[in-house]
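Welcome! Take a moment to look over the sequence and the 3D picture below, and then we will walk through them together.

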Amino acid sequence: MNLVAITACPTGIAHSQMAAEKLRTTADNRGHEIHVEIQGAMGTENEIPNETLSTADAVIIAADTSIKMDRFSDHVVVNASVKDGVNDADRLIDEAINR
């Protein structure tokens with residue numbers, strides 16, 4: 001499955017990075033492709049390219065801040081907190097697969 005994700009917290013330093021790494025590792029271990037964009041006070045890191053988004057089967061948003069959702073209108077979206085991204089990446093990926 002091809003997934004994309006956004007992780008974001010108010011500062012975008014520690015928790016966003018931890019959630020991104022957990023989602024990447026979990027997806028890789030389960031045989032899925034994933035591209036993770038990180039948003040925070042420092043800006044956007046690893047922005048999702050349009051061609052990657054166009055082939056994505058689902059979007060995972062693990063964020064404690066507001067995310068612009070207009071680019072995901074044609075996708076299955078799973079919304080969660082950054083904490084869920086860090087502590088429960090398996091469940092988020094399962095939700096994305098089963099929708």
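Strand S1 (residues 2–8) is largely enclosed by the rest of the structure, because six of its seven residues are buried. Here buried means under 20% relative accessible area, exposed means over 50%, and partly exposed lies in between, using a 1.4 Å probe and protein chains only. Helices (H or I, at least four residues) and strands (E, at least two) are DSSP runs, numbered from the N terminus.

Before going on, please note that this is a predicted model, in which local features need pLDDT of at least 70 and side-chain atom pairs count only at pLDDT 80 or more, while totals for chains, interfaces and linings use all residues. Residues are numbered from 1 along each chain as its sequence is written, and side-chain values use heavy atoms, leaving out hydrogens and water.

Which strands pair with S1? One is strand S2 (residues 33–40), which pairs with S1 in the parallel sense over seven bridges; another is strand S4 (residues 58–63), joined to S1 by six bridges and also parallel to it. Two strands count as paired if DSSP finds at least two bridges between them. In S2, isoleucine 34 stands opposite leucine 3, and in S4, alanine 62 stands opposite threonine 7.

Alanine 20, part of helix H1 (residues 14–29), touches Thr7, Val36 and Ile38, not counting residues up to four places away in sequence. Contact means heavy atoms within 4.5 Å. Alanine 20 counts as buried because its relative accessibility is 0%.

Now for the charged side chains. Side chains of opposite charge can pair when their charged atoms come close. The structure holds eight salt bridges, each being a side-chain nitrogen of Lys or Arg within 4 Å of a carboxyl oxygen of Asp or Glu. Here are some of them:

| Salt bridge | Closest N and O atoms |
|---|---|
| Aspartate 94 – arginine 30 | 2.5 Å |
| Aspartate 84 – arginine 91 | 3.4 Å |
| Arginine 91 – aspartate 88 | 2.8 Å |

Aspartate 94 is partly exposed at 33% relative accessibility, and arginine 30 is partly exposed at 32%.

Arginine 91 counts as partly exposed, with 31% relative accessibility.
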